[in-house]
Amino acid sequence: MKLVPHYATHVVATFTFIALLSIFGSGQAAAAPFDFGCGSADDIDTNPATIVGCNVTETGTISDLNVYLNIDDFSATDDPYATDLQLSLVHVASMTTVRLYVGPEIWNPRSMMDATFDDDTGARVPGSGNIIGTFLAADNLSAFNGLELSGAWKLHVLDDWTFPNEGIDLIDWRLQGTHVPEPGTGVLLAVGLALLSNRKPPAAPQGISTAG
Ligand SMILES: [Ca+2]
Ligand SMILES: [Ca+2]
Ligand SMILES: [Ca+2]
């Protein structure tokens, strides 16, 4: 004769639950790279600003965001003075806004942009000429860390200098970096089962024991 408590399954379920929480609740799931294309837009050097939307369908929590921008001229008949521009990125759900580029607005040779903005570089944007390479944004892109990647984003493009409407085009723009993907349905099911089995069993009458 020995007591058969319900502790065994209770303890196992509790440890399973704590283990899952420690993995998925503390953000220790591995960060994965993403590279989401947002397309193109014509004639963006306007005042008031042109607002270009991007609906990101990849889900996860942002752990590092970089922004790629290619600004030139589709037709080669307009002169792309990218240094006229002021560019900002908006995460719509949180209204978090980061200035990517603030052009020097100087008389400048024809300038195009083929650039990645990234906190993880020491390089600052050149003061004139083409903007080609990887550079620091005007504000820290880390402002987006911890936000949900999926959903609406907006790129604001303003040319409030002497010559707006020269027909500069956004050839391509991309949101890149790393994110922590959502837990899969299998993990959610496991957490749910652990929670269910973690419920306390009905209290047994005092003094009753069962044969082992
Ligand atoms: Ca980065
Ligand atoms: Ca212009
Ligand atoms: Ca154009």
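In what order do the elements of the protein run from the N terminus on? They follow the pattern α-β-β-β-β-β-β-β-β-β-α, with two helices and nine strands in the protein. Helices (H or I, at least four residues) and strands (E, at least two) are DSSP runs, numbered from the N terminus.

A word on the ground rules: this is a predicted model, in which local features need pLDDT of at least 70 and side-chain atom pairs count only at pLDDT 80 or more, while totals for chains, interfaces and linings use all residues. Residues are numbered from 1 along each chain as its sequence is written, and chains are lettered from A and ligands numbered from 1 in the order in which they are written.

Four strands form an open sheet in the order 2-8-4-5, with antiparallel pairing; two strands pair if DSSP finds at least two bridges between them. Strand 2 and strand 5 are at the edges with a single partner strand each, so each has one side without a neighbour in the sheet.

| Edge strand | Residues |
|---|---|
| Strand 2 | 50–56 |
| Strand 5 | 96–102 |

Strand 2 is joined to strand 8 (residues 151–158) by seven bridges, and the two run antiparallel. Here V56 stands opposite G151 in strand 8.

Now for one residue, F135, found in strand 7 (residues 131–135). F135 counts as buried because it has 20 C-beta neighbours inside 10 Å; the cut-off for buried is 20 or more other C-beta atoms within 10 Å, with C-beta atoms placed from the backbone. F135 and T121 are 14 residues apart in sequence, yet 6.3 Å apart in space, C-alpha to C-alpha.

How values were computed: A residue is buried if 20 or more other C-beta atoms lie within 10 Å of its own, exposed if 12 or fewer, and partly exposed in between; C-beta atoms are placed from the backbone.
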